[in-house]
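Student: Could we go through this model together, question by question, with the cut-offs stated as we go?

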Amino acid sequence: MPEELRRIIPAPPPPADIFATYQLAHEFHQEAQHRQELERYCEWYYLTAKRHRNELQRMQGDINLFGWFCRRKSQ
């Protein structure tokens, strides 16, 4: 190989470095994916909790039909 091409083309890294780089990239991808899934789950959880709190608040203002029937039978 001519000397000019040796300066342009970098020497390939040793095989152990290639595996370490791949492993690091793989772990980074898994961590990023895990964080995205956790963020989506937390968003879903908070929205669901808020919706349930709103439903509970509305239900507390409703007439208690079950209690009304139970009181009527016991009298």
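Tutor: Let us begin with a definition: a residue is called buried under 20% relative accessible area, exposed over 50%, and partly exposed in between, with a 1.4 Å probe and protein chains only. This is a predicted model, in which local features need pLDDT of at least 70 and side-chain atom pairs count only at pLDDT 80 or more, while totals for chains, interfaces and linings use all residues. Residues are numbered from 1 along each chain as its sequence is written, and side-chain values use heavy atoms, with hydrogens and water left out.

Student: What share of the residues in the protein chain is buried?
Tutor: The protein chain exposes about 7,900 Å², of which carbon and sulfur atoms supply 61%, the areas coming from the Shrake-Rupley method with a 1.4 Å probe and only the protein chains shown counting as cover for residues. Of the 75 residues in the protein chain, the buried share is 3%.

Student: Which element of the protein chain has the highest mean pLDDT?
Tutor: Helices (H or I, at least four residues) and strands (E, at least two) are DSSP runs numbered from the N terminus, and the protein chain has three helices and zero strands. The confidence pLDDT, given by the predictor for each residue from 0 to 100, averages 84 over the protein chain, with 85% of the residues scoring at least 70. Helix α1 (residues 3-8) has the lowest mean, 68, whereas the highest, 93, belongs to α2.

Student: How are the rings of Y41 and W44 arranged as an aromatic pair?
Tutor: Rings of Phe, Tyr and Trp (its six-membered ring) pair if their centres lie within 6.5 Å, and planes under 30 degrees apart count as stacked, over 60 as edge-to-face and the rest as tilted. By this rule there are three aromatic pairs. Y41 and W44 have centres 5.7 Å apart and planes at 35°, an arrangement that is tilted.

Student: And why is the pair of Y45 and Y46 given its class?
Tutor: The ring centres of Y45 and Y46 lie 6.1 Å apart with 80° between the planes. Because an angle over 60 degrees falls in that class by definition, the pair of Y45 and Y46 is edge-to-face.

Student: Which residues form the nonpolar patch on the surface?
Tutor: Patches are made of residues with over 30% relative accessible area and no salt bridge, like charges being joined within 9 Å and nonpolar side chains (Val, Leu, Ile, Met, Phe, Trp, Tyr) within 5 Å. Y41 is partly exposed at 45%, Y45 is partly exposed at 44%, and Y46 counts as exposed at 57%. With about 620 Å² of accessible area together, the members of the patch are L38, Y41, W44, Y45 and Y46.

Student: What is the distance between the closest N and O atoms of E31 and R35?
Tutor: A salt bridge is a side-chain nitrogen of Lys or Arg within 4 Å of a carboxyl oxygen of Asp or Glu, and the count comes to one. Both E31 and R35 lie in helix α2, four residues apart, about one turn of the helix. E31 is partly exposed at 37% and R35 is exposed at 56%; in their salt bridge, the closest N and O atoms are separated by 2.8 Å.

Student: How many disulfides are counted?
Tutor: A disulfide is a pair of cysteine sulfur atoms within 2.5 Å. C42 is partly exposed at 29% relative accessibility, and C70 is partly exposed at 38%. The number of disulfides counted by this rule is zero.
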